[in-house]
Amino acid sequence: MPAPTPLVSIVTPAYNEEEHLHECIDSVLSQTYSNWEYTIVNNSSKDGTKAIAEKYAAKDSRIRVITNSTTIPAIQNFNFALGQISSASKYCKMVLADDWMFPECIERMVAVMEEHPTAGVVGAYGLKHRWVLWAGMPYPDNFVSGRKICQERLLGGPYIFGSQSSVLYRSDLVRSHNPFFHEANIHADSEACMKLLRDSDFGFVHQVLTFSRDDRPNSLLQASRQLNTNAAAFLYELVTYGPYYLSSEEYADAMKRTVEGYYEFLGTSFLQRRNRKFWDFHKKELKDAGIEFKYSAVARALVRMYRREFRRIRKRSYWGVVPQG
């Protein structure tokens, strides 16, 4: 008799997602793994999201719908959704309402979790439009210590943690962190992995298992790109988790490189004449990291960039004549 499969709690926080919610729910129903429960949290949507979710729930007892009385911020709703997972679930999976899973997603991820009991997070490749994301885990390795993968990330290695939709979490770890996502951090999904991997390890499936859409108006990703929050997010994670994952020498070197790189990014932004909102955001992020913002540092970064580019040009040519051979 085959061993029983562990229960997986799936959650989808949704706000005004009538255009894509059908596809998201259908992807859950099409999973080759069948022992799941599914909670859709309607964040007081103004469109047909609630009606669509309730139509599916009426046909499948594993699906339930919860509707917030008022609309709350997106990451707060993510936390509320994760708070609905069953106490009996061993693993949990978030799928954002405009994303979807390939049929083998949960089966393949659970298999890695079961193979490696110390794993707290399992990721995989994801597809966004025509691009495959989150490469960097050596094939065929499907497991690495949490400390090692976070150390490599903070030292400039590839980002393979994915997004909220692309990973599977161990439910006991989710239940032990309340709130699970840092609600003031637009990159809360990345920080969640850094936090969980202090006490667990990381698994990976070498297969495209999720699909994410291009940017949507008013989405967290669009807001992130308008301000270019990646630089600030990496600095925050380095300051917050670097002392745990890195040696004192590694941390000092990483901080030096990161701050210099941050100011070079700000130097380019100065030439691009970015708006007041942009500068206010990055000044605050630097201050929160314990770094004083200085326009003189922006100017020095521009000089470094100019000199580096000048040396590159001189290496290629001498007074406009490209060296032969």
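How many salt bridges does a search of the whole structure find?

Analyst: The search turns up 9 salt bridges, a salt bridge being a side-chain nitrogen of Lys or Arg within 4 Å of a carboxyl oxygen of Asp or Glu. Keep in mind that this is a predicted model, where local features need pLDDT of at least 70, side-chain atom pairs count only at pLDDT 80 or more, and totals for chains, interfaces and linings use all residues. Residues are numbered from 1 along each chain as its sequence is written, and side-chain values use heavy atoms, with hydrogens and water left out.

Let's start with helix α10 (residues 248-271), which holds both E260 and K256, 4 residues apart or about one turn of the helix. (Helices are DSSP runs of H or I, at least four residues, and strands are runs of E, at least two, numbered from the N terminus.) The closest N and O atoms of that pair sit 2.9 Å apart. K256 is exposed at 52% relative accessible area, while E260 is partly exposed at 31%; buried means under 20%, exposed over 50%, and partly exposed in between, with a 1.4 Å probe and protein chains only.

E264 pairs with R308, closest N and O atoms 2.7 Å apart. R308 belongs to helix α12 (residues 295-316) and E264 to helix α10, so this bridge ties together parts 44 residues apart in sequence. E264 counts as buried at 16%, whereas R308 is partly exposed at 41%. R304 joins in too: E264, R304 and R308 form a network of salt bridges.

Elsewhere, K90 and E114 meet at 2.8 Å, N to O. K90 is in the loop between α3 (74-82) and β4 (91-94), and E114 is in helix α4 (residues 105-115), 24 residues apart.
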